Amino acid sequence: MITDTGIVIAFYVIGASTVVSALMVAAVRNLIHAVLFLVITFTGVAGIYIVLSADFVAMAQVLIYAGAISVLLVFAVMLTPTGDRRNAETSFQAPALVLAGLLLAVVVFVIYDTDWRIASRGQFTTTASSLGRAFFSPYVVPFEVASVLLVAAMVGAIILTQDEDEEAGHAA
Amino acid sequence: MLPEVLLATVPLEHVLILGAILFAIGLYLALSKRNAIGVLMGIELMLNAVNVTLLAFSRYVVSPRPLDGQVFAIFVITVAAGEAAVALALAVAIYRHRETVNIDEIDVLRW
Amino acid sequence: MTPRPLTLITDNWYDIRDLSNLSGKIEELIRDANGPHWAVWVVSALLGAIGIVAFIGGVAIINIWIERRVVGRMQSRLGPNRLGPFGLLQPLADAIKLMQKEVLQPKAADGLVFSIAPIAFTVPGIVIMAVLPWGRNMSLARLDVGILFILAMSSLGALAVFTGGYGSNNKYALFGAMRVIAMLVTYEIPSVLALLGLVLFSGTMDLADMVLFQEKFWIPLVLVQPLPFLIYFISSSAELNRTPADLAEAESEIAGGYHVEYSGMKFGLFYAAELINAVAISAIIATVFLGGWWFYKLDELVPGWMIFIGKIYAVYFLFVWTRGTLPRFRIDQLLAFAWKWMTPMAFANIIVVAAEVLIWDETGASAGLVLPLYIAFNMLFAGVLIVAWVRFMGPRFSRFPDRLRYFDRIDVPSLPAMRAPAPAAAAPKSGSGAPARSASEGGGDLRGGRLVGGPRP
Amino acid sequence: MPIKSEPVEVNIGPQHPSTHGVFRMVAMIDGERITDVKMIVGYLHRSMEKLAEERTYTQNIPFTDRMDYLAAMTSNLGYCLSVEKLAGIDVPERAQVLRVIFAELQRIASHCMATGAFINDCGAWQTPVMYTFRDREKVLDLFEMTCGARITTNYMRIGGVAFDVPDEFLPALDMLINDDLPFRFEEYDQLLVGNEIILMRARDVGVVSPEMAINASLSGPMLRSAGIAWDLRKADPYSGYDQYTFEIPVGYNGDSYDRMVIRIEEMKQSLRIIRQAVHILPGGPHKTEVPLAIRPPAGEAYSRVESPKGEVGFYVVSDGGAAPYRWHVRAPSLINLSVLKEMTVGQTIADAIVTLGSIDINVGEVDR
């Protein structure tokens, strides 16, 4: 249960700004602006994580999302020609809007309808070391699988972006 | 002491609703954006929303292993990083072959 | 993140050896006065924030002077010396001039992005200061994941630089922006790996705990981990855009890069933020490699934050030194250096450190025995690794360039119209593989050089 | 199939920190690679060659100062030689030696500037410029001692030099060439020659092949770096250069690095020449008395000297009047610049700056 006044204020302020910037991602017309708003959203989500006393995940979020993925997005945007840097919608805009709204309504209904087993636990004191232990005892197999996944992703990305001429040259 | 308003708590439902809103926005982005990179941004946003939910459960809900939610969130972040790299590589590869990242025009697999 | 409860210091509040005494006293006063429980946090956070902002303000002013004076000495000139004693007031004059100047914005610039960039560039450097331990009990926010926080924040700065470069709608600025992005993607990896070795060795990501580790074993980690120090120093100088790697501004190539369109105080913010970031990185190095506020027994006599600032400026001097000495890399050379040199070395280092930690844990040997061995081994390892890498992966040019050829007589070919029936004189014109050596016969003296002519393959 | 990228047209100059003045280079850039370069000169054109037709031969000497303002002495010398050749004026022995001393001092000053600015273009943070300027200043002090000016010296005169050197000149020169500069040049050797970063930046950058160098009529360090031994002081000696012992350093690769090393070596050789010249400096008049308004017989004359930048030639046509009928200057900076496109296309933008720096142009001379 989060009862600390400052944290309560922080949650609502950060949550509101996160939602607003997420909406701006959908609303702005310039793709670069959308990426920048997305960075603000990611940082805001990291703030929410901190409110939820998950400091390690929050820092990983800033490092990976705001630091790395947004940079990748920027790279990808800069690789596209200037004319394609609009943030326009397809003809699915209205159905998507309806679907998203419906989903939101259903989820909110479910959230309020469920009886959660809420603990009266205080904040986590430290998460980094216990997370590390968790990764190496109960979750060691998923951890290794994740590393394999990352290697596969890296190799796949390299192969996908490799010049075909160069590839042919290597094969020959 | 403090006024009553400031003594309020953050109920679990509010955190989950925040996650739901972010998820809905991400879904909208992923479904409606014309640019492949816009779609990818929506997917990343959805993953973030899921993480918010996971961490909220980890924080609020009684469990023998309270940190499981965080562990799972970290796996989600890991997968998201890999996914972003591959997806952006795909976008670049598609652009290289089709000279567009407009997903309306990437339709060779339509029929 | 809520800071941990401050440890109450029994010393007197006016004891400036440890500024946490003051905040402890204030906390005590609030408790005694039955103040609201959150007031403690607010007051201590405000105190720390004011202290850090004051320090940063001083840094932004004084470091201009320090940098110009030091570089001036290196360049055999005096540096600023007219305004005030030793020219100390020169940065103030610069700041006033910058404030008076008109803030221009290009008509086609992306207004919002253009204006946000300098601010976004300044924030990470300041925020990093918050997690640093300034003394035994002096850290504004003692994070368990301090190092991760630092890495996360320093990766945000490059995005701000990109924002400024993109928003300026200028080709030079865009070049700078794209170079920053490429360098960030590249240099993030070795710097993370370098710090990872330290985290492995000290067993904590908390910066305060890292200092305590170094205090406990009486050893600055730079001795145990010389290779990560080099790697982190180089890669952070790339992240800071300082001279061996200042490709993002590259005055001589792209005329200032990402801040070419900025003027007035917006430029001033960029300029100040560069200094602040440099000090922030110096402070990180001082904390994790040099032992922060601890220096053998000195920290019992001198306030810890003074030792810390002294170490910060020692590292900062290294940055100024490299800046005053080295020419710039080319972008491909810089990226290749990160991928081919620093990243593999950092990986090798992590393996070595992991093995060392394992050995230490398993044998349970005393630190006095293990650490000197590790120091010797790691120094040797770093040296061997660097030398071997230079041998096998070094650039393709010969280590020392070909000596020049020297001619003291030149045979002049006669013009065709004046040419005698038998053209005896050899023309100095040459084929592709054989440059003229008409003068090399006779008195031509080829001092100590290999006579390998022609362009290199 | 590579990613199709849009080439960007970038103006490097006329106001750019590394174009050494108001030279403008319009580069088409694909990523960081240069695909095309267009050179645009003329921002500093002062039509000196036309203005000279309205002035007497003596009045034209200051124009030559303002062409290559970093090597005013050698420009002066070349012009005076051409008029002397045209009018058949003999130069006293003392003036000859003084001319050599000052031309070689000027070469040191100009090469100091070129080397420092070149390393600056490689991206050093002003340090090499400060070091080389420190030494250039000492040379300029000697100029000031002799003729009152530091840059636009206007020292050579038709028939000799303007002033004899003052009494304190020779001790100062002796100290400079024996105690000061040799150690400075050793310092350059230690700091610059073999420096890894400079090697990485300048090796195989801006390569001139020997054929290209000859076909484009390059001269000076540009030509010598390509491996062709050619120096007018040896090939076509003037002002008694044939009586001095010195050597011409010649490179192998024709790249920017060779040009830098050649400049440093040439400074050392200049010191050798100056030492010998001081040794043989005879007494006597410093100038042949010639009328202020010389009226050379109708005809033409071309004389050339080895300036720090290359062969600077002056072509003077007289119709018997007090002003030249036609005056043309062969400016080495302009001609050395003409291969810039061949040197830079295919390189990165950073290499192009290094290449331009290694050519050592002087826009005052390029545009005249």
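Predicted model: local features only at pLDDT ≥ 70, side-chain atom pairs only at ≥ 80, totals over all residues.
Chain C has a helix pair of its own to look at. Here α5(C) and α6(C) are also described as roughly antiparallel, with α5 taking residues 146-167 and α6 taking residues 171-202 of chain C. On the α5(C) side, the contact uses I147(C), L151(C), S155(C), A158(C), V161(C), F162(C), G165(C) and Y166(C). Among their partners in α6(C) are A173(C), L174(C), G176(C), A177(C), V180(C) and E188(C).

| Helix pair | Packing angle | Axis separation |
|---|---|---|
| α5(C) and α6(C) | about 175 degrees | 8 Å |

Chain D holds 15 helices and 9 strands. The radius of gyration of chain D is 21 Å, close to the 21 Å the globule rule gives for 368 residues, so chain D is as compact as a globular protein of that length. Along the principal axes, the C-alpha atoms of chain D fill a box of roughly 75 × 50 × 35 Å. Buried residues come to 57% of the 368 in chain D. If you take contacts in chain D between residues at least 6 apart in sequence, 71% of them join residues at least 24 apart.

Chain C, for its part, has 14 helices and 1 strand. Of the 457 residues in chain C, 48% are buried. Among the chain C contacts between residues at least 6 apart in sequence, 74% link residues at least 24 apart.

A couple of loop residues deserve a look at their backbone. F86(C) has a phi near 55 degrees, a positive value in a residue other than glycine. You'll find F86(C) in the loop between α2 (37-74) and α3 (90-100) of chain C. With 14 other C-beta atoms within 10 Å, F86(C) is partly exposed. In chain D, D204(D) is another residue other than glycine with a positive phi, near 60 degrees. D204(D) sits in the loop between α7 (196-202) and α8 (210-215) of chain D. Is D204(D) buried or partly exposed? It counts as partly exposed, because D204(D) has 19 C-beta neighbours inside 10 Å and being buried takes 20 or more.

Finally, the contact between chains B and A. Here 62 residues of chain B touch 72 residues of chain A. On the chain B side, α1 (12-32), α2 (36-60) and α3 (68-98) each supply at least two residues. Which helix gives the most to that side? That's α3(B), with 20 residues. By class, the chain B side divides into 46 nonpolar, 10 polar and 6 charged residues.

Notes
Residues numbered from 1 in each chain as written. Chains lettered and ligands numbered in written order. Helix = DSSP H or I, 4+ residues; strand = E, 2+ residues; numbered from the N terminus. Buried ≥ 20, exposed ≤ 12 C-beta atoms within 10 Å, placed from the backbone. Contact = placed C-beta atoms within 7 Å. Rg over C-alpha atoms; globule rule 2.2 N^0.38 Å. Nonpolar A, V, L, I, M, F, W, Y, C, P; charged D, E, K, R; others polar. Axes fitted to C-alpha atoms, helices over the stretch in contact; angles between N-to-C directions. Parallel < 35°, antiparallel > 145°, perpendicular 65-115°, else oblique.
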